[in-house]
Amino acid sequence: MAAIEILGLEKTYKVGFWRKRGRLALRPLHLRVERGEVFGFLGPNGAGKTTTLKLLMGLVFPTGGTARILGKDINDVEIKAKIGFLPEQPYFYDYLTAKELLEYYAQLSGVDVKSCARKIDAMLERVGLKDSARVQLRKFSKGMLQRVGLAQAILHDPEVVFLDEPMSGLDPMGRREVRDLMEELRQQGKTVFFSTHILSDAEALCDRVAIIHEGVLRGVGHVAELTSAVAGKVEMIWNGNGVPAGLAALGAECHVIGDTIRAVVPEAQQEAVLDVLRRERLRLVSLMPVRSSLEDYYLQKLNATAQEAGGAG
Amino acid sequence: MSRVVHIATNTFREAVRDRVLYNLIAYAVLLSGAAILVGQISIEIERLIVVNLGLTAVSLFGVVIAIFIGIGLVSKEIEKRTLYTVLSRPVRRWEFLVGKFLGLTGTLVVNTFFMAIGVFLALLYVSHGFQSSDGWILVALYFIVLQFLILCSLALLFSSFSSPLLSAVFTFALFVIGSFAEDLRGFAGMSRGLSRWLATAAAYLVPNFSALNVIGQVAHGQPIAGQLIAYNTAYALAYSVMVIAGAVLIFERRNLK
Amino acid sequence: MSGSRKVTAVASVVLLTSLAASVFLLRRLDQVHPSATLEEVLYFNSPKWVKRLSLGYDGLLADIYWTRAVQYFGGKHRAGATDYKLLYPLLEITTALDPKLIVAYQFGANFLAPKAPEGAGMPDKAITLVNYGIQNNPNEWKLYYELGFIYYMDLKDYRKAADAFDRGTKAPNAHPFLRLLAAQMAEHAGEIQTARMLWQATYVSSQDKHIRANATTHLAALQVDEDITELEKIVAAYRERTGKPPSSYTQLIATGMLRGVPVDPDGNPYRLMGDGRIELRNPENFPFVAKGLPPGYKPGPPKFR
């Protein structure tokens, strides 16, 4: 049984005064997330990431298609006990303290009363808010709110966790903490589905990613596969003054930064370039195959969209 | 079921922490001032004034609170997006609505309770003792609470699909029209044709607050018929249930942007 | 979907049921509550205070009180009441809030002045009310008419009536019948003819359905009185001629004294009694008649036709 199965979910908002025009937020989406995966949902702002999450949470109703979480239809209320959700830029009842908020949410999730208090204390400690447990949320900083948000999402020990832009608005330390938490979740065997537009986080955390743009799924795959596409080039770095003659003829692209030269060379010419360097008695500092990053893959997909649009238009 | 109770309790807590109950201070000042002033006038009408002023103030203060908090019951949660994390839990949308409604109503009941104490204290002050007919004041207070029940349900209904400003306008308008509900039926009876149908339909849909207002009677120490109490209770319950059902229907399929 | 569908279905059923229940209960409440409403209505007995408290929304409140006055009268009238204690205060408040509401004065003239059970039996209050109206609307001919009407019908003060009608003729657009009535007062006060003119004038001068119904009822009564007076003359003449009263209309028709069977305004034949009296077939349909009633008949409270 997959953790999440999205079967053709689509959403068109009716806009305009007479609700006649349609704004397509999400084209029919087909996606499958296995249990235990950390799945990244990537795309620029307005691509449809939040719409997808809202559809899965039942906050917004699809104009077509269905979806299942842990085998049950998303409309089944009982499944909500096994999932956690952190919305984008969350805001919580500011008149409650962190502890009261978690108590309230625990009650709503049906967490057993006896173990409640202990769990909450443990959770607050885990997200680093133990000292602020009795402070009213209206006094919390953005980073603290984000951490409370995470706490409420995992408090009831859900099997699948949905996070919408979990790193947004956090400073580097905050982001590191969130990443660590997500890594912990993975180790506990939970499924994490999160949306972001920060690619480095996705690259570091995810097993698989999906790229969505203008409401359409552009690509899905394992991070390792997507970034292993070797461009057929090698990167060499050495110290020296100036670029030796003859390298340009071999198809090397060179960049000089102070006394360090970095050259990208076609793989076939690798040995020839090494010969040139040996002849000039230049010491090689590093030799590495060029890997395209997730960013390359991402931009490539987005450009494909633009081309499509340009061609069609 | 317990989820409804939890939501209601939280709504009550929100109202208290938003310092709603401070209105009791204003009320106490008003009533004490009046009681003291009135104590200087002739014997017959001081009791009359205390009861009239006291009960009218309970009603009006409560109406204001019901509208001010009621209009934001749902819309505020949507605007602030606090609703998202609630609905991602096994909470049904109707449970949320009913919980909010009960929380607000509970707040008003507590508020009325304290105000009732105020009225009786003021009465004690000006009359130096209670009369047996003062018991009917409790019935008048009960009717005022029924009034709140209806108003809260209306505020909830509008809050579930409309902006706070419009909700306030609609709810207040219905309060005013409802206070003249019996006259509306009189107008309907006197008109003809299409306007008669429309007026009659409106007259039956508008909440009947005039039947719930027995302040004048009680001020004169007149008893209230048991039948009136029974019918008013049933009517307030039926009407509130109807409005809440409407709110549930609207909210059930609403897309939360 | 089933969870949400279930909720929608249940909520719809609950909505419709409670709607029906609340309509039903509302009607019940009306039955239990009406007199209570009016006690409250009159809680502010002083028109001055009502005006102050109306916060400037006089017109609307005047309309509301006018509605209540009409409902009060109508409701009591239908129930066969014999007193209308609250009518004057209601009309007083109405006109204090809106002194230009002419129909309120007309209503007062028609239903405040007559004796119970036809009206409230307060002709003096009615006069006060109409005079207040004249004070505020000196160019409204209808009010002078009403004043004259009260003096004539209820106070039998024919000189004051004539005076009122006369003043009315000076108002702009005064109806021509005012001049006729003024003249009529001098010669023919107290006659059926005059009464008929007045009731017809009342019918013409107002659109209010109660006032018109009242006028129609009176006119029918006058018709009956006239008819029966005529018939009595014919019966007397027959008796003189033959020495005994007629036993049926056929005899009267045979002698050429009558052209056909006489019928009342409802179309039912008048009953020719054994002793020569004429009686109405359905006296309860003709309030205000002076003739044609069976002996010992006690009329109930009047109902409009």
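Tutor: Two strands pair if DSSP finds at least two bridges between them. Strands are DSSP runs (E, at least two residues), helices likewise (H or I, at least four), numbered from the N terminus. This is a predicted model, where local features need pLDDT of at least 70, side-chain atom pairs count only at pLDDT 80 or more, and totals for chains, interfaces and linings use all residues. Residues are numbered from 1 along each chain as its sequence is written, while chains are lettered from A and ligands numbered from 1 in the order in which they are written.

Student: In which sense do strand β1 and β4 of chain A pair?
Tutor: β1(A) covers residues 4-15 and is joined to β4(A) by five bridges. E10(A) stands opposite G64(A) of β4(A). The sense of the β1(A)-β4(A) pairing is antiparallel.

Student: Which residue takes a positive phi in the hairpin of β4(A) and β5(A)?
Tutor: β4(A) and β5(A) pair over two bridges, in the antiparallel sense. I69(A) faces K72(A) in β5(A). The hairpin has two residues between its strands, and the one with phi near 50° is L70(A).

Student: Why does L70(A) count as partly exposed?
Tutor: L70(A) sits in the loop between β4 (64-69) and β5 (72-73) of chain A. A residue is buried if 20 or more other C-beta atoms, placed from the backbone, lie within 10 Å of its own, exposed if 12 or fewer, and partly exposed in between. L70(A) is partly exposed because its number of C-beta neighbours inside 10 Å is 18.

Student: Is K156(C) buried or exposed?
Tutor: K156(C) lies in the loop between α8 (141-153) and α9 (158-169) of chain C. Its phi is positive too, near 55°. With 11 other C-beta atoms within 10 Å, K156(C) is exposed.

Student: Which strands stand at the edges of the open sheet in chain A?
Tutor: The sheet has six strands with mixed pairing, in the order β6-β7-β8-β3-β9-β10. An edge strand has a single partner, so one of its sides is left without a neighbour in the sheet. The edge strands are β6 (83-86) and β10 (216-222) of chain A.

Student: How do β3 and β8 of chain A run?
Tutor: Five bridges join β3(A), residues 38-42, to β8(A), residues 191-196. F41(A) stands opposite S195(A) in β8(A). The two strands run parallel.

Student: Which element gives the largest share of the side of chain B that touches chain C?
Tutor: The contact takes 30 residues from chain B and 28 from chain C, with contact meaning C-beta atoms, placed from the backbone, within 7 Å. Elements giving two or more residues to the chain B side are α9 (181-190), α11 (215-219) and α12 (226-252) of chain B. The largest share, 15 residues, comes from α12(B).

Student: What radius of gyration does chain B have?
Tutor: Chain B has twelve helices and zero strands. Its C-alpha atoms fill a box of roughly 60 × 50 × 30 Å along the principal axes. The globule rule is 2.2 Å times the number of residues to the power 0.38, with the radius taken over C-alpha atoms. For 257 residues a compact globule would come near 18 Å, which agrees with the value for chain B, 20 Å.

Key:
Two residues are in contact if their C-beta atoms, placed from the backbone, lie within 7 Å.
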